Amino acid sequence: IYEDERLLIINKPAGLAVHGGSGVSYGVIEGFRQLRPDEPNLELAHRLDRDTSGCLILCKKRLYLKKIQAVLQDKSSLQKHYQAIVHGRWPKRKQHVDVPIRKNTLKSGERVCIVAADGKPSLTEFSVNRQNDQLSLLDVRPVTGRTHQIRVHAQYLKHPIVGDPKYGNPGLDAVISPLATPRLMLHAARLVLPPLDKGDKVLTVEAPPCERFMSLMNSI
């Protein structure tokens, strides 16, 4: 969805890992390194969950990888805007979820994140775009960047994201099937990037959601 001599920004499909590992032989970065052998320094600037779609930044030069990583440390400068479809009527007054999140490992070895007093501070901003009695379309901005943060905070408010295999509600998902399946209804819709070089302007990129997301969204 955007490219210059420094950056490559794609609209990642749901279900595609950003890199290989944990039983996945390849992902976005391995694929692009094969597609772009003339870009030997191509690196992921950040990550998206495998099940999440939307804006993903790759850097072509190490200098800009460091610049993007510095921007990511300053949560006020790079803005990530998501869309999420959750179960139920999200309370419109609940615009901030500020509860700590801790990584937890189950006996099976699976890693999940939970709300816990000894977790890391985590803040997510939510606003209702539209809703009905079954579903709410939310505009979401994670202020901090914890693993699975939006998904865990939605679950904590008892409004899990539709189609979430880890933090969702399969019973509720089944009620609205087949519109909701088989993907997580979380989409990184927009990125706002501050100037990386002198003379740059603020860069805003938008990624359209897939047909499955749009279909459920339009039913609300």
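Entry 1, strand 11. I looked up strand 4 (residues 53–59) and found that it pairs with strand 11 in the parallel sense, over two bridges. I noted the rule that two strands pair if DSSP finds at least two bridges between them. Strands (E, at least two residues) and helices (H or I, at least four) are DSSP runs, numbered from the N terminus.

The model is predicted, so I kept its limits in view: local features need pLDDT of at least 70, side-chain atom pairs count only at pLDDT 80 or more, and totals for chains, interfaces and linings use all residues. Residues are numbered from 1 along each chain as its sequence is written, and side-chain values use heavy atoms, with hydrogens and water left out.

Entry 2, partners of strand 11. I checked Gly54 and found Ala188 in strand 11 as its bridge partner. Ala188 is also the bridge partner of Tyr82. Strand 5 and strand 11 run antiparallel and are joined by six bridges. Strand 12 (residues 203–206) also runs antiparallel to strand 11, with four bridges. There I found Val192 opposite Thr204 of strand 12.

I then asked how many residues of strand 11 (residues 186–193) are buried. I counted seven of eight, which makes the strand mostly covered. Buried means under 20% relative accessible area, exposed over 50%, and partly exposed in between (1.4 Å probe, protein chains only).

I found one aromatic pair in the structure. Trp90 and Phe126 form it, tilted, at 4.5 Å centre to centre with 35° between the planes. Rings of Phe, Tyr and Trp (its six-membered ring) pair if their centres lie within 6.5 Å; planes under 30 degrees apart count as stacked, over 60 as edge-to-face and the rest as tilted. The pair links distant parts of the chain, 36 residues apart: Trp90 is in the loop between strand 5 (79–87) and strand 6 (96–98), and Phe126 is in strand 9 (residues 123–131). Trp90 counts as buried because its relative accessibility is 2%. Phe126 counts as buried too, at 3%.

A pocket is an open set of points on a 1 Å grid over the protein atoms alone, where a 1.4 Å probe fits, with protein on both sides within 12 Å along at least five of seven lines; lining residues have an atom within 4 Å of a point. I noted 49 lining residues, with Arg47, Leu48, Asp49, Thr147 and His148 nearest the centre. Among the elements that each supply at least two lining residues are helix 2 (62–73) and strand 10 (135–142).
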